[in-house]
Amino acid sequence: MNAQAYLDLPRVRHAQGVVALPGSKSISNRVLLLAALAEGRTEITGLLDSDDTRVMLAALRQLGVTVETLGTGHVAVEGVTRFPVQQAELFLGNAGTAFRPLCAALALMGGDYTLSGVPRMHERPIGDLADALRGWGARIDYLGQPGYPPLRIGQGAIATDAPVRVQGSVSSQFLTALLLAAPIHCAASGQPVVIEVVGELISKPYIEITLNLMARYGVQVERDGWQRFTVPAASRYRSPGKIAVEGDASTASYFLALGAIGGGPLRVTGVGADSIQGDVAFADTLAAMGARVEKGPDWIEVSGVEVAQGARLKAFDADFNLIPDAAMTAAALALYADGPCRLRNIGSWRVKETDRIHAMHTELAKLGATVSSGPDWLEVVPPAAGQWHDAHIGTYDDHRMAMCFSLAAFGPAAVRILDPGCVSKTFPDYFDVYAGLVRA
């Protein structure tokens with residue numbers, strides 16, 4: 001798949017079946033870092049096998065962490081509390097869930113490290129995180145454009161007597177990185193760490209994932225609303241022994257969407273009513289669009305209309321700040337709505353794997369939709385009958401672009417996905433699984 005230049009999607013009418021989801025990217029990389037920083041050995045099951053987790057695993061091994069592969073998605077990590085290797089050049093691809101937390105952890109430990117990635121990673125801002133870490137006394141130098149990777153991290157004089165402040169409006173990964181790293185200093189100094197958020201915190205459900213997982217490793221963060229977080233003095237990570245990674249709720253959105261536009265029923269397993277991931281709320285978006293949704297503790301099932309026979313979903317005007325990744329799937333579903341659809345409060349799309357507002361605007365327009373957009377919003381007027389266009393869909397080296405536009409195969413146009421192998425970032429087998437669920 002990685003070497004494939006394009007994939008022509010056959011037109012399809014129906015979708016149904018059951019999908020066992022791959023592990024959550026967000027949980028997988030958090031759990032790997034927590035396991036490395038914890039006292040004791042952690043056995044992890046359900047770990048996602050993808051580009052993003054591979055770069056995290058490679059970095060941890062390079063830093064002296066012993067990781068034993070026990071089977072597919074099954075590893076054991078020997079915690080080191082502090083990385084044994086004090087000098088390293090780490091390449092982290094385009095994995096924000098690896099780059100940002102490792103940056104914070106290494107900055108608090110001291111040493112001599114360089115962190116780099118693919119060209120797009122060097123366009124993704126990190127200045128707010130670097131400024132916060134410098135507020136603690138960390139030494140961070142930009143090796144290219146100020147405010148962006150690549151970075152050099154050196155030996156700083158860390159002190160956390162005063163609260164550190166971080167912007168909340170660009171990426172929740174900055175706060176996650178500071179939270180995950182804070183117990184490194186707490187354990188060494190016996191001092192508490194206070195983090196204050198400046199401005200409105202976006203993507204709050206991802207912070208809830210972070211806090212939930214820290215608690216499972218023995219660190220209870222005290223939270224005052226979404227503005228002030230205190231990591232208590234003498235906090236230290238201790239392995240829970242075993243931990244299972246949930247299925248990826250963002251990935252679930254594509255399959256639940258298939259059920260909504262392909263009749264269904266389509267069931268995903270691995271996430272459900274008991275999930276700690278905010279993106280399970282995408283099921284509520286589908287219900288508002290007219291799909292029938294049922295949930296169990298670890299499954300969600302969707303049945304819907306058959307858009308290939310002319311049925312339509314209900315149009316929406318919604319704030320997607322809490323579920324920005326799954327919101328991309330909603331934008332693709334707008335092709336089949338009964339009126340204009342508006343996605344609001346999605347400014348974080350601008351700094352993801354690509355500028356997703358620009359990318360979705362461009363590619364939806366190719367199919368015949370009338371699209372308009374602004375700094376943090378997108379509006380899609382679906383193509384009328386006879387207005388659909390055949391399209392070669394650019395994916396911008398962004399896995400979610402490729403998976404979203406697989407939904408376009410339910411329309412009357414011929415759809416070619418360029419660079420389909422970009423799905424390897426989170427779901428290398430996506431198009432094989434997709435093909436097993438749809439039929440003409």
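How much of the chain is helix and how much is strand over residues 15–433? Over that stretch the chain is 31% helix and 24% strand, and the end C-alpha atoms are 12 Å apart. The UniProt annotation "domain: Enolpyruvate transferase", from an unreviewed entry, covers residues 15–433; such annotations may be inferred rather than shown by experiment.

A word on how to read this: the model is predicted, local features need pLDDT of at least 70, side-chain atom pairs count only at pLDDT 80 or more, and totals for chains, interfaces and linings use all residues. Residues are numbered from 1 along each chain as its sequence is written, and side-chain values use heavy atoms, leaving out hydrogens and water.

The chain holds twelve helices and 24 strands (DSSP runs: H or I of at least four residues for helices, E of at least two for strands). Its C-alpha atoms fill a box of roughly 65 × 45 × 40 Å along the principal axes.

| Share | Value |
|---|---|
| Contacts (heavy atoms within 4.5 Å) with a separation of 6 or more that join residues 24 or more positions apart | 74% |

Now let us visit one residue. Thr354 sits in the loop between β19 (341–344) and α10 (356–366). Thr354 counts as buried because its relative accessibility is 11%. Leaving aside neighbours within four places in sequence, Thr354 is in contact with Arg120, Trp349, Ala359, Tyr396 and Asp398.

Definitions and conventions
Buried means under 20% relative accessible area, exposed over 50%, partly exposed in between (1.4 Å probe, protein chains only).
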